[in-house]
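Dear colleague,

I am handing over the structure below, and my notes on what was found in it follow directly after. Please read them with the structure open beside you.

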Amino acid sequence: MGMFDGIEEASTNQGGAYLLPGKHRLKIVALKTPEKLRSGDCFIAELEVVETSCEEYAVGQSVSWVRNITKHKEMALADIKAFLAAAAGIEEDEVDSKGAKAATSESQPLAGKLVDCEAFNKSTQAARTFTRTLWSHPE
């Protein structure tokens, strides 16, 4: 069973973490699925800030977006699906496990592509705060 098996059925909610709140235009530097991480299988998007409303970021700064597939498979696959669709400029139902695997391959077909992200903080019922991300293809 491959890491991205089941991504076709994932329902996206465009949640995420590790980006500060704001509106960001980001350039994809690399998409990775490193092996042997202590936390399990992860999808990592290494990104460069092109434009942002966040004062804490500078244009050209490197940021990362990480989804842990082992710990939160259903939510992670949905988030990754939304990210890949936005990055590739395709509909979410066009993202499949083969395409997701290709996106993280050595050839890095999405490197250099732009993606827009709106990140905002959201509180849980347990009074914890997390950062949600909404991905879109630049107009």
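T104 is buried, with a relative accessible area of 14%, where buried means under 20% relative accessible area, exposed over 50% and partly exposed in between, with a 1.4 Å probe and protein chains only. This is a predicted model, in which local features need pLDDT of at least 70 and side-chain atom pairs count only at pLDDT 80 or more, while totals for chains, interfaces and linings use all residues. Residues are numbered from 1 along each chain as its sequence is written, and side-chain values use heavy atoms, with hydrogens and water left out.

T104 sits in the loop between helix 2 and strand 4, helices (H or I, at least four residues) and strands (E, at least two) being DSSP runs numbered from the N terminus. Leaving aside residues up to four places away in sequence, T104 touches F4, L31, K32, T33 and F43, contact meaning heavy atoms within 4.5 Å. A polar atom of the T104 side chain also lies 3.1 Å from the backbone oxygen of K101.

Turning to the sheet, five strands form an open arrangement in the order 3-2-1-4-5, with antiparallel pairing; two strands pair if DSSP finds at least two bridges between them. Strand 3 (62–68) and strand 5 (129–136) are the edge strands, each pairing on one side only, and the twist from one strand to the next averages 40°. Strand 1 (residues 22–32) and strand 2 (residues 42–52) run antiparallel and are joined by eight bridges, with K32 standing opposite I44 in strand 2. Strand 2 is in turn joined to strand 3 by seven bridges, again antiparallel, and here E46 stands opposite S64 in strand 3.

Helix 1 (residues 73–88) lies across strand 1, strand 2, strand 3, strand 4 (114–123) and strand 5, and runs at about 140° to strand 3; axes are lines fitted to C-alpha atoms, for helices over the stretch in contact, and angles run from 0 to 180 degrees between N-to-C directions.

Finally, the largest nonpolar core has 31 residues, of which L26, L31, F43, L47, F83, L84 and W135 touch the most other members; such a core is a set of buried Ala, Val, Leu, Ile, Met, Phe, Trp, Tyr and Cys residues joined through side-chain atoms within 4.5 Å. Helix 1 gives the largest share of this core, eight residues. Not counting residues up to four places away in sequence, L84 touches L31, F43, V95, A100, A103 and L110.

With best wishes

Notes. Polar contact = N/O pair within 3.5 Å; in protein donor to acceptor, adjacent residues only side chain to side chain.
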